[in-house]
Amino acid sequence: MTALISPDSFHRLVKHAIDSGTAASVAEAEALFRGYRLAVEIDAAAARDPVHQAALLTAVALGRRVFLGGVTVSGALDAPLVLSMPLGRTLAKAVVALGGALELRGDECPTIFIGGGPGARREGFCVRTAASGWRGGILPIHSDLQPSAGVAMPLSGMLSAALAVNEAYLHVSGGMPAAGRRVVGFSLWRPSPDADWLEADAREPALTYLPSRLWLIGLGHLGQAYLWALGLLPYRDPAELALVLQDIDLITASTESTSILSESDMIGQRKTRAMAAWAERRGFTASIQERLFAADFKRQPEEPAIALCGLDNAAGRRALDQVGFDLVVEAGLGRGHRDFRTMRLHLLPGRRPAAEMWKAAAGGETVEARPAYAKLVAEGALDRCGMTLLAGKAVGAPFVGSVAACLALSEVLRLLHGGELHGLIDLDLLSPEQRLLWRHPGDFSRFNPGFSMAG
């Protein structure tokens, strides 16, 4: 009899293949993903630019979690790493540290070019990232479009890479025939759907002020994307960023499939301690809270006044405006095989109390009847209890959390630069141009959460 498997060992996109019925068995789904490969290329001009370096590193870190056949990277990788990420001195060392291979792409391999101008039209999937100012997106490789110049902002590079990996996965999984042939992007300064991300925006400020104190609630998919995004920011003195990291869970094999900072050698470690160690390697100051987030404690005056929330449960979210934070940016992601690319962000306190917004946990999709689950039970790999637990696990993809993290952290950055804040942002990566948002009605002009200078 096959040994029992753990629901926490499942790759969350392999689960997408069996939940959607794309694969009739786990073995078939895993073989499918081992056949997915991705190529990333960067030229000499882009290789020395911090925004394009942010795009390259993000593309590799996300891509290797989705394209299990491997991510190959080529180009001017001997360039020094100008970002202050704890990944080595050169782009080549950073790529290897993130799990990429220093090789030329295969002819049939979907390809992402980092930055640069228009190239020759190619057969198959080939896009290039485009980032300028607070604006990021992707273009078909042959497109003569280019975003107008703007002051460098690394999160626009992270955004462009996340959109590119999403598009590449749509291509290989057959999720959208137009994948790779459309223009996709938006502005993190003005994310309104009527704002053209390719056009210069005179209101975009130079990135001058960075958060100095943040509380991160939940250190899985979203929480680690928040940390990655913070790591890309150009802190003049990174030790000025004081973080409180809160979680109670251990890193599992499935954590690595969605969470951009988790590695296989961290399995079994507490998320708080592994992420605090990473933050300290980046030069930040970190303390940990290993307790459930609930309304039974109060934030102290010397603790961070802003929280970035990555919880995936309604019970914790109901307490977000009850513990004394002055501002909470909360992001929720879709959990099922149909909606896992969706995200909804809230800014709290809002129009309604959190307890009204999340009155009860929403019901999930019923997937137990899929052939792959029946096969696991028949083979003895799962008992009935295990099947129910596995079926209830969320489908997830790391590029979704990365887009959400760019939006969430940009709310904090806009606060520090006098920009507009949003009470709600609703976005689906299948059609990001149809996003919804509304302005937060509150006045935060006198709120000073503390800041650090960009360098």
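**Reading the labels on this predicted model**

Reader: Why is Pro441 called exposed?

Author: Its relative accessible area is 56%. Exposed means over 50%, so Pro441 qualifies. Keep in mind that this is a predicted model.

Reader: Where is Pro441 placed?

Author: In the loop between strand S16 (436–439) and strand S17 (451–453). Glu420 is 21 residues from Pro441 in sequence, and their C-alpha atoms are 9.9 Å apart in space.

Reader: What makes Arg352 partly exposed?

Author: Arg352 has a relative accessible area of 44%. Buried needs under 20% and exposed needs over 50%. Arg352 sits in the loop between S14 and H11. Its C-alpha atom is 32 Å from that of Ser452, 100 residues away along the chain.

Reader: Which peptide bond is cis, and how do you know that?

Author: The bond from Leu348 to Pro349 has omega near 0 degrees, and it is cis. Most peptide bonds are trans. Pro349 belongs to the loop between strand S14 (342–348) and helix H11 (354–357).

Reader: Why is helix H1 called largely enclosed?

Author: Count the buried residues. H1 covers residues 12–19, and eight of the eight are buried, so the rest of the structure largely encloses the helix. Buried means under 20% relative accessible area. The list for H1 is Arg12, Leu13, Val14, Lys15, His16, Ala17, Ile18 and Asp19.

Reader: What phi does Gly21 have after H1?

Author: A positive one, near 85 degrees. Most residues other than glycine have a negative phi.

Reader: Which residues make the contact of H6 with H14?

Author: From H6, they are Leu155, Met158, Leu159, Ala162, Leu163, Val165, Asn166 and Tyr169. From H14, they are Phe399, Ser402, Val403, Ala405, Cys406, Leu409, Ser410 and Leu413. By class, the contact of H6 with H14 has 13 nonpolar residues, three polar and no charged.

Reader: How do you know how H4 runs against H14?

Author: Use the angle again. Helix H4 (residues 50–66) and H14 cross at roughly 150 degrees, and their axes come within 9 Å. The cut-off is over 145, so H4 is roughly antiparallel to H14. Leu62, Arg65 and Val66 of H4 meet Pro398, Phe399 and Ser402 of H14. The contact of H4 with H14 splits into four nonpolar, one polar and one charged residues.

Reader: What makes a set of residues a nonpolar core, and how many residues has the largest?

Author: The members are buried nonpolar residues joined through side-chain atoms within 4.5 Å. The largest core has 118 residues. Leu56, Trp228, Leu243 and Phe399 have the most contacts inside it. H14 gives the most to this core, with 12 residues.

Reader: Which residues is Leu56 in contact with, beyond its neighbours within four places in sequence?

Author: Leu56 is in contact with Val40, Ile42, Val73, Leu77, Leu91, Val95 and Ile114. Contact requires heavy atoms within 4.5 Å.

Reader: Which residues are in the second core?

Author: That core is separate and has 18 residues, among them Ala307, Cys309, Leu320 and Met357.

Conventions. Residues are numbered from 1 along each chain as its sequence is written. This is a predicted model: local features need pLDDT of at least 70, side-chain atom pairs count only at pLDDT 80 or more; totals for chains, interfaces and linings use all residues. Side-chain values use heavy atoms; hydrogens and water are left out. Helices (H or I, at least four residues) and strands (E, at least two) are DSSP runs, numbered from the N terminus. Ala, Val, Leu, Ile, Met, Phe, Trp, Tyr, Cys and Pro count as nonpolar, Asp, Glu, Lys and Arg as charged, and the others, Gly among them, as polar. Buried means under 20% relative accessible area, exposed over 50%, partly exposed in between (1.4 Å probe, protein chains only). Axes are lines fitted to C-alpha atoms, for helices over the stretch in contact, and angles run from 0 to 180 degrees between N-to-C directions. Angles under 35 degrees count as roughly parallel, over 145 as roughly antiparallel, 65 to 115 as roughly perpendicular and the rest as oblique.
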